[in-house]
Amino acid sequence: MRWLNSLTICVALTLLLGIVGLLADLIAPYDPLNTRMFRGLQPPSNVNLMGTDQLGRDVFSWVIYGIRTSLLVGLSSATIAVAIAVLIGLLSGYRGGIIGNTLMRVADVFLSIPRFMLIIVTVVLLSPRISNIILVIAIFSWPEAARVVRSEVLSIKEREYVMAAKALGSRDLDIMVSEILPNVIPTILSLWTLIIADAILTESALGFLGLSDLNYPSLGVMLMMAKNAIFVGGWWVLLFPSIALVILILVFNSLSDKLIERLSPRLG
Amino acid sequence: MIRLKPLLEVRELTVVYKVRDTMKYAVKNVSFTLGEDEVLAIVGESGSGKSTIALSIVGALPENAVVVRGRILFKGVDLLRLRPSERRDINGKEISIIYQDPIAHLNPLRKVRLIFKDLFEDHGVEFNIQKVLELLRKLKVPDPQRVLESYPFQLSGGMAQRVFIALALVLNPKLLIADEPTSALDLTIQAQVVRLLREVRESFRISMIIITHDIGVATSIADRILVMCDGELVEEGSPEEVLLRPKSKYTANLVNSTKTLYEGVMSWVY
Amino acid sequence: MGVLIEVNNVRKVYYIGSLLNRRPVKAVDGVSLKVEEGRTHCIVGESGSGKSTLARIMALIEEPTAGSLNVFGVDSTKYFRRDLRSDERNFIRKNIQIVFQDPYSSLNPRKKVRDILAKPFKIHKISYNEDDLKKLLDDVGLEPPEDYLDKYPHQLSGGERQRVAIARALALLPKVIILDEPTAALDMSIKAQILDLLVKLKKQYNLTYVLISHEVPILTNICDDVTVMYYGKVVESGDCRIFKTPLHPYTIGLLNSVLIPSPESKTRNIFAIPGDPPSSTSVVSGCAFNPRCPLTSEICVKHEPELRDVGINHKVACHKCDQGVFERYEEYRDSIMRIWKEML
C-alpha cells in the first residue's frame, strides 16, 4: 500500500475540505445568515444537526460556509503573499542591489511591528470587506516568507550548477527562473500551506473581534457567539466551529511538513 | 601469524536501511575478529558498508537502519543487545570513535578543559586534570595548559586533531575506531593524521579499526586489511597479501587502479 | 603553440566578519601564469591555497579584485565590464568551460540529463537534436546513451554524474576546460576511469586543460605544466619535470607526503610537513612558508621572495634557491628532508 502514507492522507483531507467549501451551497441545509427569532439555542437534533446559536442560525450550515470563507481567505491571501515573497526573495537574494536590499529592509520593518495589531487597525480603517481582509493579511504575511526564500536563494546561488550555468553563458534571468526557482519550489509550497493555516487563523480571530464581512460567514463569528452561549449551556456553538477550525489548521500545517519531506531533492 | 586473543567479534552482521518504502542491504553477513592490540583497516568505496559497520559497533546507526541479524561481541558481551544506558557507559570509556573533522565534533561553546570534564563526569569518573595534561604531553601538544583554556575554534587543525584523539583516549578505552580519518583531506594533513595514529598505536595499548577508502592509508598502518564491496566482505589478509596476492577480483581491480594512478608518482618520489 | 589564457598578477580579496569588523582574506594574491594551447596545465595546492578561486576567475565566473586575464587575446576587464561585442563575448563564453569537484552539486537536482545537456545549446541558440545529446553521452562513455537521457542526477552514481558534467562542458566544443578537482570526490577505481576519459577527450577534441587538484599522485599522470600554490601565491612553476627536481621546500615536502600503497609502507616512516598551514586570515610576513620551512633565515621573514627563473622553464619563489642549486641538487633536497625529520 505505497500510496497510503501521510502525504496522501493530508492531500485527501485537503481535497475533502476543498469540496466542502466548493459545494457549500449544496451541503448546507439552510442559509446560514437566516436568523429565526424563536429557534435560538436549539441543541443538535435531526432538524439542526449541530444545533442553532442565540439568533437561531443553523450552526451546521454556518460551519460549512465558514470553511468556505476560511479557504477563500487562506488560499487567496497566501497565494498573493507567496507571489510577492518569491519575487522579492529571488531578486534580493540573487542580485542584492539597491532595490532588493531596500525591499528586504521594508520586510524587516514589517517584521518588527506586532502583526496582528496592524492587521486589526488596517481592517478597521479600510472597513472589513472580504477583499480587504484578504489583501491586508497578504500584505502582512509576505515579509517572513520573503526572508525564507531569500536565504534559500542565497545558498542555492553558490551551488556549482549555478556556477556551471554562468560558465555556459546563461543570463541572470534565466539562472533565476530555470536553475534557482525549481529548487526553491518545495520551500515555496511549504510556506504557502503554512501561510494558508496562518491566514485562516487570522481571519477567524478577526471574525471573533467582530471584524468580518457580513456576507461571508466566519468561524470566528460563531466562536464569538459561543462566548455567551456556553454560559447558558449552548456547548454546541463552541464545539463544532472549533473542531472545524482545528481540522483546517492541522491539515494545512501537516501538509506543509509532508510536502517538504517529499519534495526535497534526493541527493543520496 | 600469532593468534591474538579476540577483543571484538563481529558475527554474521547484517544491516538494512529503509529508504522510503524500500529496503537496502548495507552490510551482508559480515564476520570478522579483532585481536587485542591489533590494528585492522576496513577498506571500501562509498556505499560499501564500511561505515555502517563502524556505526553498528558504537551503536550510532541512523534511525532507518535495522540490524537484521548478527552479533557484535565485545569482551564477550553482545553490544547489539545492550540497553541504551549500558551502551553509553561503554562508549567513550571502552570504545571510542574519531572522525575526520575534529572541530565539527567539539562543542564550540565550551573550553577544551570543560569538554574533558564533561566526558569524565558522563562516565562517573572523577575529573583528573593531571591525567589529561599528561596525555596531551604524550601526544606532543605544546603548552597543554593553554590548550585546555582555549575554545575548539582557537586551535589549529593539527592541534584540534590531537585534542580530539586525547578525548578519545583519556578514559583508557580498549578499542579506537577511526571513521574515514583522512578522506577528503589534503596530502600533508593526511600524512599528519596517519603519523598521529601510528604514534598512538606505539605509545598506547589499544586496538584500532580504521575505516578508509584509501588503500595507501590502510597499508601504512594496519596489521590486517578487510576489503568490503556492496556490503560484503570480499577480502581479508595482511597488507602484503592484499597488495600482492589479492584473492578476489574486486580487490585486484582496486589495487591495480591505485597502482596505475600512483605510477607517475612512484617513479618521481624517492 | 599559442597562449590561450594569460593570468597577470591577479588578486582576489574577500571580506569576512561583520560590518564593523571586516577582515580581508586574500584568496589569490598576485598570481601570474600562462596556459598554452594543447597542454594540461596543473595547478597544485592544498585547501586554502586559493586554487579553486583561481579556477573560478580563470573560468570568468568571478571577477578578480586586481590584475587581469588575457583570454584568447581579449582583456578580461572588458569582459567583466560588459564592454564587448556580443559575438566576442559569446566566443569567450563558448570556449572556456568548467567542471567542478562535486558532481552532486554541479548538476541541478531537478533536471533530467537531457535538459542538462541541452542547456548549452539553448543558451547559445544553437540548433541540436537528440542525436547530438546522445553523441555527447557516448563520448563520455555513458552507454547506451538513450538509457541516460531521461534520468535525474540522483539516479546516477558519482562517476556517472561527473561524466554528465564533463559532457555538458564539452557540448559547445570549447578550446579550454577548467577541471576543478574533477576526481577528488570519487572512489579510487572511478578516479582512474575519469582520468582515462579526460585523456581520451583531450586527444579527440584538441582540448586544453587547466587541472586544479590537490591529488598529486593523480595529476602526475597527465600533467604537462605545473603551478604550485601555497597560501594564495605561486611558489614554484614550470613543466612537469619539476616533480623530479622540486626546489621549493614546500613542493619537496608535499611530494614526500604521498602515502604510496606498498607492502613495506607499514614499516616505512611517514613524512608530514611539520606545523599547520596558515589560516585564511593570519598574516605572515615575508615568505608565507617561513614558519614551517627548514631553511628559514632572517631574509625569509623580512622579504617576500619573488618568482624567478632558476632553470629552463622552472621558476621558484624562494630566497634559498638559485641556479647553482641544480649542481648539488640531491644534497640540497636531502638536507631539507633531514632537518624536517629531526623536527618531527
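## Chain C: contacts and overall dimensions

In chain C of this predicted model, residues 24 or more positions apart account for 65% of the contacts with a separation of 6 or more. Of the 344 residues in chain C, 47% are buried.

The secondary structure of chain C consists of twelve helices and twelve strands. Chain C has a radius of gyration of 21 Å, close to the 20 Å given by the globule rule for 344 residues, so it is as compact as a globular protein of that length. Taken along the principal axes, the box filled by the C-alpha atoms of chain C is roughly 65 × 55 × 45 Å.

## A four-stranded sheet in chain C

Chain C contains an open sheet of four strands, in the order E2-E1-E4-E5, with antiparallel pairing. The edge positions are held by strand E2 (23–36) and strand E5 (74–75) of chain C; each has a single partner strand, so one side of each is left without a neighbour in the sheet.

The pairing of strand E1 (residues 3–16) of chain C with E2(C) is antiparallel and runs over eleven bridges. One residue pair can be named here: C:Lys12 has C:Val28, in E2(C), as its bridge partner. In general, strands of a sheet pair through backbone hydrogen bonds, either parallel or antiparallel.

## Contact between chains C and A

The contact between the two chains takes 21 residues from chain C and 17 residues from chain A. On the side of chain C that touches chain A, the elements giving two or more residues are helix H3 (86–95), strand E6 (96–99) and helix H4 (113–123) of chain C. H4(C) provides the largest share of that side, three residues.

By residue type, the side of chain C that touches chain A divides into nine nonpolar, seven polar and five charged residues.

Chain A has ten helices and zero strands. Read from the N terminus on, its elements run α-α-α-α-α-α-α-α-α-α. The C-alpha trace of chain A spans about 75 × 50 × 25 Å along its principal axes.

Chain A has 268 residues, of which 46% are buried. Among the contacts in chain A with a separation of 6 or more, 69% are accounted for by residues 24 or more positions apart.

Helix H5 of chain A covers residues 115–126 and has twelve residues. From its first C-alpha to its last, H5(A) reaches 16 Å, close to the 16 Å expected at 1.5 Å a residue.

## The loop position A:Leu55

A:Leu55 is found in the loop between helix H2 (24–27) and helix H3 (59–94) of chain A. There are 14 other C-beta atoms within 10 Å of A:Leu55, so this residue is partly exposed; the buried class needs 20 or more such atoms, and the exposed class 12 or fewer.

Leaving aside residues up to four places away in sequence, A:Leu55 touches A:Thr35 and A:Gly40. A further distance concerns A:Asn34, which is 21 residues from A:Leu55 along the chain. The C-alpha atoms of A:Asn34 and A:Leu55 are separated by 8.8 Å.

Note on methods. Residues numbered from 1 in each chain as written. Chains lettered and ligands numbered in written order. Predicted model: local features only at pLDDT ≥ 70, side-chain atom pairs only at ≥ 80, totals over all residues. Contact = placed C-beta atoms within 7 Å. Nonpolar A, V, L, I, M, F, W, Y, C, P; charged D, E, K, R; others polar. Pairing = 2+ DSSP bridges. Expected span 1.5 Å × (residues − 1). Rg over C-alpha atoms; globule rule 2.2 N^0.38 Å.
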